[in-house]
Amino acid sequence: MTLYEDLKWRGLIKDVAGEESELQKILDGQPFSFYWGTDPTADSLHLGHYSSLCMAKRLANAGHHPVLLCGGATGRIGDPRPTAEREIISEEKVNNNINGIRNQISRLVPTAELVDNYEWTKDYSFLNFLRDIGKYINVNYMLDKDIIRRRLETGITFAEFSYMLLQGYDFLHLFQEKKCIMQVAGSDQWGNITTGVDLIRKITDQTAYAFTMPLILDSTGKKFGKSEGNALWLDKEKTSAYEIYQYLINTDDAKVLEYLKVFTFLSKEQIEEIYAQQTAAPETRIAQKTLAWEVVKDLHGKEEADNAVLVSQKLFAGDFKGLSVKDIMSGMKTVPSFDFTTEEPLVDVLVNNKIASSKREAREFISGNAISVNGEAITDPAAVITKDMAIEGQILIFRRGKKKYFLGLVK
């Protein structure tokens with residue numbers, strides 16, 4: 001397939017500025033420069049950004065030149081949220097966030113040229129900006145944009161209202177200085193994108209191109225993002241490779257084909273074969289396993305992907321041998337925990353931490369082979385748990401039955 005055909009098959013083209021036939025010619029034609037941007041609202045990108053980075057990589061793999069912008073200027077203002085104004089973050093935090101994001105982008109899209117819109121706006125006077133840019137965009141045009149219209153009832157500040165002009169100016173600047181003829185972004189940026197296209201047409205009398213990708217939603221219909229409270233960070237110190245793997249391996253069957261198309265670089269033939277296997281034997285979850293492994297491999301490398309598979313298998317089997325505390329804690333973040341500070345009879349540990357409701361029940365659990373510590377069954381009701389039993393001297397893993405886990409954190 002051509003690049004355009006591949007993007008259409010993956011469902012990655014939603015809104016198009018101009019004729020789609022013209023977009024097809026550009027995508028499948030001579031190499032060109034394009035840009036995608038994000039604001040530094042955190043020191044890491046998250047899975048919600050990953051589809052855009054995949055898009056940048058797809059275009060780069062086809063021979064086009066990615067210019068990826070981290071908005072040091074727009075990040076100081078904040079784009080309008082659907083419900084309320086964003087919190088202004090400090091200059092120091094903005095700069096720290098930019099450094100973190102730039103490092104991630106340069107690793108994930110090695111051919112990208114990295115730019116910061118603060119560089120071309122910091123010395124642009126307010127009066128000159130209004131004269132050079134503001135006069136070309138009608139207020140009625142801005143009020144007609146969805147994100148602005150939704151905020152009118154609750155109120156919108158002038159700073160947020162001006163964000164559209166700043167992003168539009170970014171496209172104009174990159175069009176003139178970097179020969180970026182196309183902008184690519186999520187569909188929630190459509191109003192800002194078309195403002196840039198209009199500015200370029202009015203000021204340079206030339207044509208720029210743009211298209212948006214559909215927003216990728218989870219099974220509950222929410223965006224992947226920190227404002228939604230479900231952020232999966234691309235920084236493995238914030239979200240481990242195992243956590244990414246585990247999240248994706250639990251993808252709903254109804255979403256897994258979409259995610260394979262959006263988040264992996266497998267070919268159409270490979271994806272269709274995997275999905276056919278999944279349909280024939282859903283219990284294998286081969287589509288989810290492939291999705292999770294491919295994404296972690298792209299984000300953190302094959303070694304991390306293979307280790308995520310190993311950790312997942314071992315934790316599922318209750319086999320903790322060879323696993324580090326970091327691996328175990330990543331896989332058991334939601335497991336109930338308690339502090340463990342001294343030697344203590346196992347019966348007391350179970351009762352004091354609500355693993356058993358009474359000493360009698362605790363003894364029954366132990367005698368019935370229902371209690372294990374660090375993967376080893378304990379059947380002696382007189383057993384004593386000591387701190388030196390802890391894995392790496394830090395944690396004790398108690399399991400009751402087949403699935404109920406509890407963590408003792410050594411203090």
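K179 is exposed, with a relative accessible area of 63%; here exposed means over 50%, buried under 20%, and partly exposed anything in between, worked out with a 1.4 Å probe on protein chains only. This is a predicted model, in which local features need pLDDT of at least 70 and side-chain atom pairs count only at pLDDT 80 or more, while totals for chains, interfaces and linings use all residues. Residues are numbered from 1 along each chain as its sequence is written, and side-chain values use heavy atoms, with hydrogens and water left out.

Back to K179, then. It sits in the loop between α9 and β4 (180-186), where helices (H or I, at least four residues) and strands (E, at least two) are DSSP runs numbered from the N terminus. K179 isn't a glycine, yet its phi is positive, at about 60°. K354 also has a positive phi of about 60° without being a glycine. Look for K354 in the loop between α17 (346-352) and α18 (359-367); with 73% relative accessibility, K354 counts as exposed.

Now zoom out. The protein chain has 18 helices and twelve strands, and its C-alpha atoms fill a box of roughly 85 × 45 × 35 Å along the principal axes. Of its 411 residues, 50% are buried. Take the contacts (heavy atoms within 4.5 Å) with a separation of 6 or more: 71% of them in the protein chain join residues 24 or more positions apart.

What about the inside? A nonpolar core here is a set of buried Ala, Val, Leu, Ile, Met, Phe, Trp, Tyr and Cys residues joined through side-chain atoms within 4.5 Å. The largest one has 91 residues, and the members touching the most others are L7, L27, L53, L59, M182, F211 and F263. Helix α9 (residues 158-177) is the top contributor to this core, giving nine residues. Apart from it there is another core, of 21 residues, including I366, I371, L396 and F406. As for L27, once residues up to four places away in sequence are set aside, its partners are L3, Y4, L7, I13, F32, L59, H64, M182 and F211.

Next, follow α9 to its neighbour. Two packed helices are described by the angle and the distance between their axes. The axes of α9 and helix α10 (residues 190-204) come within 8 Å and cross at roughly 55°; axes are lines fitted to C-alpha atoms, for helices over the stretch in contact, with angles from 0 to 180 degrees between N-to-C directions. α9 and α10 are therefore oblique to each other, since under 35 degrees counts as roughly parallel, over 145 as roughly antiparallel, 65 to 115 as roughly perpendicular and the rest as oblique. On the α9 side, residues in the contact include Y163, M164, Y169 and F175, and on the α10 side they include I193, V197, L199 and I203. The residues of this contact split into eleven nonpolar, eight polar and no charged.

S187, in the loop between β4 and α10, counts as buried at 17% relative accessibility. Beyond its neighbours within four places in sequence, S187 contacts K14, D15, T212, M213, P214 and L215. V262 belongs to helix α12 (residues 253-263) and is buried too, at 2% relative accessibility. V262 and S51 are 211 residues apart along the chain, but their C-alpha atoms are separated by 6.2 Å.

Note on methods. Ala, Val, Leu, Ile, Met, Phe, Trp, Tyr, Cys and Pro count as nonpolar, Asp, Glu, Lys and Arg as charged, and the others, Gly among them, as polar.
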